[in-house]
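Please examine the model shown below, chain by chain.

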There are 4 protein chains.
Amino acid sequence: MHVEPGTALRLWSDDAFGGVLRSVDDLSSAKVDLRFVNPQTGPFCVEGAEPGDTLVLHLVALEPARDWGASAAIPFFGGMTSTDRVVTLQDPLPDTTWIYELDRDHGTVTFAARHSEHRIELPVEPMLGTVGVAPAGGEVRSSLVPDRFGGNMDTPQMRAGSTVYLGVNVEGAMFSVGDGHYRQGEGEACGTAVEGAMTTTLIVDLVKGGAPGWPRIEDDGHWMTVGSSRPMEDSWRIANGELVHWVAQLYDLHVMDAYQLCSQVAQVPVANVVDANYSVVTKVAKAVLPPATAVNGMHADLRARARSLGPL
Amino acid sequence: MHVEPGTALRLWSDDAFGGVLRSVDDLSSAKVDLRFVNPQTGPFCVEGAEPGDTLVLHLVALEPARDWGASAAIPFFGGMTSTDRVVTLQDPLPDTTWIYELDRDHGTVTFAARHSEHRIELPVEPMLGTVGVAPAGGEVRSSLVPDRFGGNMDTPQMRAGSTVYLGVNVEGAMFSVGDGHYRQGEGEACGTAVEGAMTTTLIVDLVKGGAPGWPRIEDDGHWMTVGSSRPMEDSWRIANGELVHWVAQLYDLHVMDAYQLCSQVAQVPVANVVDANYSVVTKVAKAVLPPATAVNGMHADLRARARSLGPL
Amino acid sequence: MHVEPGTALRLWSDDAFGGVLRSVDDLSSAKVDLRFVNPQTGPFCVEGAEPGDTLVLHLVALEPARDWGASAAIPFFGGMTSTDRVVTLQDPLPDTTWIYELDRDHGTVTFAARHSEHRIELPVEPMLGTVGVAPAGGEVRSSLVPDRFGGNMDTPQMRAGSTVYLGVNVEGAMFSVGDGHYRQGEGEACGTAVEGAMTTTLIVDLVKGGAPGWPRIEDDGHWMTVGSSRPMEDSWRIANGELVHWVAQLYDLHVMDAYQLCSQVAQVPVANVVDANYSVVTKVAKAVLPPATAVNGMHADLRARARSLGPL
Amino acid sequence: MHVEPGTALRLWSDDAFGGVLRSVDDLSSAKVDLRFVNPQTGPFCVEGAEPGDTLVLHLVALEPARDWGASAAIPFFGGMTSTDRVVTLQDPLPDTTWIYELDRDHGTVTFAARHSEHRIELPVEPMLGTVGVAPAGGEVRSSLVPDRFGGNMDTPQMRAGSTVYLGVNVEGAMFSVGDGHYRQGEGEACGTAVEGAMTTTLIVDLVKGGAPGWPRIEDDGHWMTVGSSRPMEDSWRIANGELVHWVAQLYDLHVMDAYQLCSQVAQVPVANVVDANYSVVTKVAKAVLPPATAVNGMHADLRARARSLGPL
């Protein structure tokens, strides 16, 4: 599908399991084929987008599209188990599914323990696990992979009010979104969030040139960068290097001064330690630094345009 | 020095450079011997502490003890440079020192760029980089090392109001503190924070038995664990494993349920990516979970005892 | 191009630089686009190959197809420099090219120092850096990437006399070969070997089913497996896990016994520490174990068929 | 014990288990305390050794001192299991012990499978897992740790005929040796080799100054360096950086030329992936390079002195 820069889209995406985990008796080993999980909505071809440009996606609203979400401890997948990469000879953890009922009135999902009677209401904090463009160099990647092109970064920072900047690699950018999470802890330890179908409202825009090396996110409070690689210190090195260069540019600082400044003000919330690459976010609070404007004030402009869309 | 459990101490610690970086012309390559940096105040022998016990340190107040702090990009030390472990054949970054003036009235330190005229006021947020006990197995470790015994974890979470739980390895626990930071970004990217001499008021206590495997921190808002190793995903695995077991214990949950619950509620602020081991904090906000009490309510009790000390 | 199982092919492949580095004055930064390096010969569609089958490639002969090879220290690429993943703020190493003259009579290439008059004759030991099939899950990967599908493993073990077993992921397997090296040290430290155009004679065969999880190599002396991931211990875990299971199968051993046995007899030559994934080979010498036969004696059979091809 | 440089010593060392695993019914979980394993013979104070000097240890002979060796899969220890650092929530592998009978006449040890009747004779290839000096900076380290000071490197290269060069950190160097292995695969996958008491004959010597940054080993065929850290690519970076600088020095090459040369001739046998740090060896065969002499011909001299000791 072709979209003009400036277009607002309202998109539905299925959950990462393709909707097949509907009760605690639906086990991932029986129902889920890891080669085909995490279906995306897209790709969308953005008119005029060329390699080297900056694709801008502003998330206006994320609304749960079902009344329940699902999470699973998939055998040999996740952060507290050996995997197909962190190979050991041990038995897998027990294949287990959790279903979270959504209470729209209270804005909560309910954690229901599988081995006891505990039930805990947790606030809904919708986010998208996967937002990306087509990779460079003719590659095609699984939607489970986060990398330079965005993808499955699985950071809770990808929420309503966030503006994402992605470098365009191919004509049309070919972006897609998906992997809605009704909530997710940082690290996504067990490998899956509260996975749920999502209705996403977003505004697509394009800036000619200026492609960032790695994904950048801006919201009202923070400048953010995301690095995705292995080992996790490399993810951090990528994200922090990108942040230092961005702060140097925003404030016209020498890179050594930007390095020093970021060292004293950065926050580093881990995104995921479970995917094909581990993702780390580095961010700086706008409040601790002097006012500055990125990408010609694109974020503030998009916030205004989002408000003009009226109630959704 | 011997201390009885229950004692409040008021301690002075020098900065990590031993106070020798006093102007931007004091270069670390000339003034600092990395084998003898980061002087600690201690060790203190806690009466009655035996291996397997839990040493409890409650930070009542951290007060800057000088009117300036120092930071440096030490050659081949830090996160955005090759190091003695991440060996490359490249030249080092330029040895550079920054001096931060402290404004006690405004509660700020001033970042002064070295390559331009920029000056930025940053809020003072005092913390201790290093809090630890003697290692197990007869080891003696440099104060630059964070590990199972605590040590140079360099997390901003180590601030006034925090209670630290450390497993005791030797008779008397032999704890020490130091490495005051007037502020530090998560990751401590350049390898040094706003390093400053510090006056620390803390209460020492002891719980027989119950030694945690790795350092735990509790404050009014969060349960926290700290893992320190390499690569950084192992630091996270350590911290998250400890958190899962702690949450299982706090709420009487099956470990698989605790794993699932933590996956949806944990926060993961990186502490440092620059020391001998990288440190990662995992934490859970008390507000999102039902009320629970750790270590027989030790933290709340210490908060009350801290208040009873009156103005410092 | 379609090939029947059992076919012998004689293939030409260009060097990894596409032949553009012809003198020490040809710098990689000017002449090489890293997005389009490492051209492969292929893909070849193998008749009858289906997902889950085992593609068998036996390297009969590797002959240098030019009278010189080239190597380069490409800026921000290689093992002794920061890279686009191991990000630092340091300057790159100097972009440098070395040309190796081939002496066919003596079977040597000549290392000619760039900063002094040293010249050292090194034995030619031809190998292929890249041998792979199409990835699973609809992915398309750069020829710089080694992974489960083989690819840019850059191991000196990929030489004449070796038989490679690769799991088939798509109809026809779609294999390709390239990246000839006139010689290469283990680790490929600077990121490039003595890169040279190569004439490769190989026999293609197919075994229905039995796809190994990761590439396996057999020669007259060794059973070998190759793991490619990051960090490097994960590459080793993959390769060693695969080796343990293979040895268990070859000798009908319990996996714990195979684990023990491999612990005492394995060799672990690192392949590369410079590519998108690091590759580690684990191998067992046939001479230290009782006789055993893999894949129905495929390797011995291919050796015989190779001899029957006569002088090339 | 004090020794003069030039002294030949004949030393006995117990096995890493302290001799307590004597039958397959002796389980490590019952008999072995990991805090006190791997007993060393030493430390020895070398007369005249000062920080910055080079301690030289030439291994003349390694002779099994018992008629059996032991190996074990210790719960949560080793390379194919989660550990106290690579934390998962999985159950441990079964605690298992293997006993290897030594046949002195045939020079073999016998692998006896625990789950079947297989018995395989393996050649005895004695080596020392642990050779080290006192650490720098006042540290005391467990004998399980390999690092800059040598220690538990667990490389099969540490065998009779090898000369080890270690940087001296403290007065007297304070070296120790131990952890005899009747044989070991590279990687030491299960965490333990064929552990056996050993009689070691070695010559101690000292060179004033010239301390290498990391352990170097020379034998008749190779120049070798050993790096020990985590992740494993850092171990390699350390070892390879040390090798490049050594080769540059041996041949009076520019470091960029040495980098290039090593890239084409290095071998990289992994030592261990199971200890507190992972160890990687990088080596260059003397046969592929022009003749050169390290440390004033110390190795050749020691070989001659070893022969003059006569039959042991």
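Predicted model: local features only at pLDDT ≥ 70, side-chain atom pairs only at ≥ 80, totals over all residues.

**From sheet to interfaces**

Helices (H or I, at least four residues) and strands (E, at least two) are DSSP runs numbered from the N terminus, and two strands pair if DSSP finds at least two bridges between them.

Residues are numbered from 1 along each chain as its sequence is written, while chains are lettered from A and ligands numbered from 1 in the order in which they are written.

Within the sheet, strands β16 (residues 222-229) and β18 (residues 278-285) of chain C run antiparallel and are joined by 8 bridges. C:Ser228 stands opposite C:Ser279 of β18(C). Two residues are in contact if their C-beta atoms, placed from the backbone, lie within 7 Å.

The chains also meet one another. Between chains A and C, the contact takes 22 residues from each chain. On the side of chain A, the elements that give two or more residues are α2 (232-251) and α3 (255-265), and α2(A) provides the largest share, 5 residues. That side divides into 10 nonpolar, 5 polar and 7 charged residues; Ala, Val, Leu, Ile, Met, Phe, Trp, Tyr, Cys and Pro count as nonpolar, Asp, Glu, Lys and Arg as charged, and the others, Gly among them, as polar. A rotation of 180° with 0.0 Å of shift along its axis superposes chain A on chain C, with an RMSD of 0.0 Å. The two copies are thus related as by a two-fold rotation axis. The same surface serves both copies, since 100% of the contact residues of chain A recur in chain C. The superposition is by least squares on the C-alpha atoms of residues with pLDDT of at least 70 in both copies.

Between chains B and A, 57 residues of chain B are in contact with 57 residues of chain A. The elements of chain B that each supply at least two residues to this side are β5 (68-73), β6 (96-103), β8 (119-123), α2 (232-251), α3 (255-265) and β17 (266-267). Here α3(B) gives the most, with 9 residues. The residues on this side of chain B divide into 34 nonpolar, 16 polar and 7 charged.

How enclosed is the corresponding helix of chain A? In α3(A), 10 of the 11 residues are buried, so the helix is largely enclosed by the rest of the structure. A residue is buried if 20 or more other C-beta atoms lie within 10 Å of its own, exposed if 12 or fewer, and partly exposed in between, with C-beta atoms placed from the backbone. The buried residues of α3(A) pack against α2 and β18 (278-285) of chain A together with β5, β6, β7 (108-112) and β8 of chain B.Among these buried residues is A:Cys262. Of the 369 residues in the largest nonpolar core, A:Cys262, B:Cys262, C:Cys262 and D:Cys262 touch the most other members. Such a core is a set of buried Ala, Val, Leu, Ile, Met, Phe, Trp, Tyr and Cys residues joined through C-beta atoms within 7 Å.

Some backbone details complete the account. A cis peptide bond joins D:Arg230 and D:Pro231, with omega about -10°; D:Pro231 lies in the loop between β16 (222-229) and α2 (232-251) of chain D. C:Phe76, although not a glycine, has a positive phi of about 55°. C:Phe76 is buried, with 21 other C-beta atoms within 10 Å.
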